[in-house]
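Notebook open, structure loaded. I'm jotting things down as I look them up.

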Amino acid sequence: MPVRPVLRLGHPALSQPAKAVAEFNTPQLYALIQDMLDTMAAENGVGLAAPQIGEPLRLVVFGMQDNPRYPDREPVPATVLINPRITPIGDEQEGDWEGCLSLPELRGWVPRHRYITYTGFDAEGRPMEREASGFHARVVQHEVDHLDGILFPQRMPDMRRFGYQQELAATVDNGTESY
Ligand code: NI
């Protein structure tokens, strides 16, 4: 199963809106999903959007097991999510450091909705609907932004809180994931 190159900030494909997946349950769709899962695993990411490997489709994968280093962090179920929609629940936002596989070594402080509902479809075309909060909600918002051609720096209110992880080491947790 091929690990695909992840496009980086500046590649025009990362700023294009992606198209809805029209056909489910096809060999082509499963092959693309497998490439995405393999690429995410190879990069130690917790999420990946199809446009990050040059496929302009509304398809994301994500997931993270419970991490004993972050007992307070919401686990993120292993998920294939197609044609997603996000609805915020309430107005509450919270900020946290984010990383992105398309911006290697960079980190930024990004506010996101704390509580959301998201809907979409799995690879077989079965609808799903979930509520999410905290880190799980953050990962979904970050990935769905990729489908609209938005990268996390575009969500940052204060560019002074953007930089290389090594330089920010005093303030950014080393374990900040990329997705
Ligand atoms: Ni990303």
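**Metal site**

Which protein donors does the nickel ion have, and how far from it do they lie? I find C100 (SG), H142 (NE2), H146 (NE2) and Y179 (O), at 2.0 to 2.3 Å. Donors here are N, O and S atoms within 2.8 Å of the metal (3.2 Å for Na, K and Ca), and since water is not among the atoms, sites may look incomplete.

Before going further, a note on what I'm reading: this is a predicted model, where local features need pLDDT of at least 70, side-chain atom pairs count only at pLDDT 80 or more, and totals for chains, interfaces and linings use all residues. Residues are numbered from 1 along each chain as its sequence is written, and side-chain values use heavy atoms, with hydrogens and water left out.

I looked up the geometry next. The 4 donor atoms subtend angles of 94 to 144 degrees around the nickel ion, so the arrangement is irregular. The cut-offs I'm using: four donors are tetrahedral if all angles lie between 85 and 135 degrees; four are square planar and six octahedral if opposite donors are over 155 degrees apart and all others between 65 and 115; anything else is irregular. For reference, ideal angles are 109.5 degrees for four tetrahedral donors.

Along the sequence I read the donor spacing as C-x41-H-x3-H-x32-Y. (Helices are DSSP runs of H or I with at least four residues, strands runs of E with at least two, numbered from the N terminus.) Both C100 and H146 are buried; buried means under 20% relative accessible area, exposed over 50%, partly exposed in between, with a 1.4 Å probe and protein chains only.

**Helix α2**

Residues 134–147 make up α2, 14 residues in all, and I get 21 Å from first C-alpha to last, close to the 20 Å expected. The expected span is 1.5 Å times one less than the number of residues. Buried or exposed, the residues of α2? I count 14 of the 14 as buried, so α2 is largely enclosed by the rest of the structure. G149 follows the helix with a positive phi, near 75 degrees.

**Helix α1 and D35**

For α1 (residues 27–42), the 16 residues should span 22 Å, and the end C-alpha atoms are 22 Å apart, which agrees. Its buried residues are L29, L32, I33, D35, M36, D38, T39 and M40, and they pack against β1, β2 and β3. N44 comes after α1 with a positive phi, near 55 degrees.

I checked D35 separately: its relative accessible area is 8%, so it counts as buried. It touches P2 and R4, leaving out residues up to four places away in sequence; contact means heavy atoms within 4.5 Å. The D35 and R4 side chains are joined by a polar contact of 2.8 Å. (Polar contact: a pair of N or O atoms within 3.5 Å; within protein, one must be able to donate a hydrogen and the other to accept it, and residues adjacent in sequence count only if both atoms are side-chain atoms.)

**Strand β2**

All 6 of the 6 residues in β2 (59–64) are buried. L59, V61 and G63 point one way, V60, F62 and M64 the other. β1 (residues 47–49) runs antiparallel to β2 with 3 bridges, and β3 (residues 76–88) pairs with β2, also antiparallel, over 5 bridges. Two strands pair if DSSP finds at least two bridges between them. F62 stands opposite G47 in β1 and has T79 as its bridge partner in β3.

Most residues other than glycine have a negative phi, so I looked up two exceptions. N25, in the segment before α1, has phi near 60 degrees. N25 is partly exposed, at 46% relative accessible area. Its contacts beyond four places in sequence are Y30, A123 and E124, with a side-chain polar contact to the Y30 side chain at 2.6 Å. N83, in β3, has a positive phi of about 50 degrees. At 18% relative accessible area, N83 is buried.
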